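Trainee: I am new to this structure. Can we go through the terms used for it, and what backs each one?

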Amino acid sequence: MTRDLAIDATRGVAIWSMITAHFALGTRIAEPTHAFPYVDGMSAFVLLSGFVLGLVYQRWIDRYGMWFAYRRLTKRIVVLYVCQLAIALVAVAAAMAGHRWLTLLLPIDGWTDGIRLALTMDYLPSGGNILLLYMVLMASAYVVFPLLARGWWPVVLGASVVLYVFSQIHSPDWFFLTQSMASPRTENWAAWQIMFVPALVVGWNWRRWRGARFIDRYLVALVAVAACVWVVFHYAIDTGPWAEFEAHFADKVSFAPARALGAWVVVPALYGIFRALLRVWHHDWLRPLVMTGARSLDSYVIQAIALIVVPIHIAHRPWDETTAIAATLLVFGACWAWAEFRRVVGVDKLHRIPAIAYRAAFEPGDAPGSPATTNPERDLVPGGVPK
């Protein structure tokens with residue numbers, strides 16, 4: 001199957017939203033992706049991750065079986081852990097160099113303590129904690145996949161909704177992910193799963209339900225609904241008479257209902273808009289978004305590390321608007337450049353980088369695209385990159 005570039009473009013917007021939130025929030029460059037109250041790049045990232053997981057693994061399981069999917073899922077979780085570890089180790093290095101205030105984290109007692117905290121994913125800098133949540137949600141797929149393979153998607157969807165409602169009424173401490181910060185709670189995974197698990201169900205049934213056709217047919221209605229929700233959020237909660245209840249409606253840690261509703265109306269509408277644009281535009285008009293979205297994990301890691309490195313080595317905070325905009329463009333440009341580099345050298349999966357580097361050094365005959373480097377499942381990923 002060919003890659004759905006509208007998915008990548010939507011993920012690219014999520015990456016841009018994250019970068020502007022971390023580097024330039026409150027400036028003009030951040031306004032377009034933060035104009036919709038309570039919807040941000042993180043919620044879109046989690047929703048799209050679940051959707052793509054279901055879309056890809058449904059076909060893999062049909063063609064190769066459940067154990068193949070489990071092996072691939074395990075590799076993916078290991079890659080996520082390594083990426084999160086890299087971010088944590090950079091934070092530890094920054095703290096040991098005397099820049100702990102930039103990470104907003106608690107003190108560490110030397111390198112040994114720092115490495116231990118990094119290995120246990122307990123030392124996560126601001127803007128670098130999404131992968132911990134993502135790993136927990138990905139692990140849920142070990143249970144969800146067999147149920148979906150049996151056609152029990154209503155059970156999965158119902159359990160997800162029940163768990164979300166329960167999380168909003170009463171959440172025990174173990175529902176919350178924590179880290180070594182003055183405010184240690186990061187996300188309530190039982191609430192955030194309402195973005196991931198239902199999206200996984202939708203992705204799993206996407207072809208059978210003809211989801212793309214549905215989005216195309218009802219795009220105007222989807223955009224209209226999103227606009228109505230924006231009006232209610234903005235004029236009733238964000239700046240309106242219900243502002244005093246905002247913590248209950250829109251808390252991010254507990255992923256309150258306004259955030260869930262907002263993401264579920266905005267992301268499908270944005271995806272549909274990109275589908276419509278790609279029918280009349282050449283994809284290169286959206287290339288920066290498509291390429292960074294196609295390598296969304298890489299882009300996330302780059303921006304998380306840049307959030308530590310840039311204030312130390314490039315421009316000390318506080319920043320004026322010009323510096324914030326320049327930093328944003330620099331980081332997004334680095335994400336785009338890395339995505340283009342991976343396309344040129346043919347690195348389709350991060351865990352293959354060591355093997356590709358070894359072959360390049362010791363087996364030069366195995367160029368990208370040769371039998372030794374070709375991924376037999378590549379065509380099954382909703383993927384490819386724009387030519």
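Mentor: Start with one residue. Leaving aside neighbours within four places in sequence, S43 is in contact with W192, M195, F255 and A263. Keep in mind that this is a predicted model.

Trainee: What makes those residues count as in contact with S43?

Mentor: Contact means heavy atoms within 4.5 Å. W192, M195, F255 and A263 meet that for S43.

Trainee: Where is S43 placed?

Mentor: S43 sits in helix α2.

Trainee: Why is S43 called buried?

Mentor: Buried means under 20% relative accessible area. S43 has 1%, so S43 is buried.

Trainee: How much of the protein chain is buried?

Mentor: Buried residues are 52% of the 387 residues. The chain has 17 helices and 2 strands.

Trainee: Which helix has its axis within 11 Å of the axis of α2?

Mentor: That is α6, residues 130-139. Helix α2 spans residues 41-64. Their axes cross at roughly 30°.

Trainee: Why is α2 called roughly parallel to α6?

Mentor: Angles under 35 degrees count as roughly parallel. The axes cross at roughly 30°, so α2 is roughly parallel to α6. The crossing is right-handed.

Trainee: Which residues make the contact between α2 and α6?

Mentor: From α2 come M42, F45, V46, S49 and L53. From α6 come I130, L133, Y134, L137 and M138.

Trainee: How do those residues divide into nonpolar, polar and charged?

Mentor: The contact of α2 with α6 has 9 nonpolar residues, 1 polar and no charged.

Trainee: Now a loop residue. Where is R317 placed?

Mentor: R317 lies in the loop between α15 (296-313) and α16 (321-345).

Trainee: Why is R317 called partly exposed?

Mentor: Buried means under 20%, exposed means over 50%, and partly exposed is in between. R317 is at 33% relative accessibility, so R317 counts as partly exposed.

Trainee: What is R317 in contact with, neighbours within four places in sequence aside?

Mentor: H22, L307 and P311.

Trainee: How do you know that a polar atom of R317 reaches the backbone oxygen of H22?

Mentor: A polar contact needs N or O atoms within 3.5 Å. The backbone oxygen of H22 lies 3.4 Å from a polar atom of the R317 side chain.

Trainee: How far apart are R317 and L102, in sequence and in space?

Mentor: They are 215 residues apart in sequence and 8.9 Å apart in space, C-alpha to C-alpha.

Trainee: What share of the chain's contacts join residues at least 24 apart?

Mentor: Among contacts between residues at least 6 apart in sequence, 76% do.

Terms used: Residues numbered from 1 in each chain as written. Predicted model: local features only at pLDDT ≥ 70, side-chain atom pairs only at ≥ 80, totals over all residues. Heavy atoms only, no water. Axes fitted to C-alpha atoms, helices over the stretch in contact; angles between N-to-C directions. Helix = DSSP H or I, 4+ residues; strand = E, 2+ residues; numbered from the N terminus. Parallel < 35°, antiparallel > 145°, perpendicular 65-115°, else oblique. Left-handed = near helix turned anticlockwise from the far one by under 90°. Nonpolar A, V, L, I, M, F, W, Y, C, P; charged D, E, K, R; others polar. Buried < 20%, exposed > 50% of the residue type's maximum accessible area, 1.4 Å probe, protein only. Polar contact = N/O pair within 3.5 Å; in protein donor to acceptor, adjacent residues only side chain to side chain.
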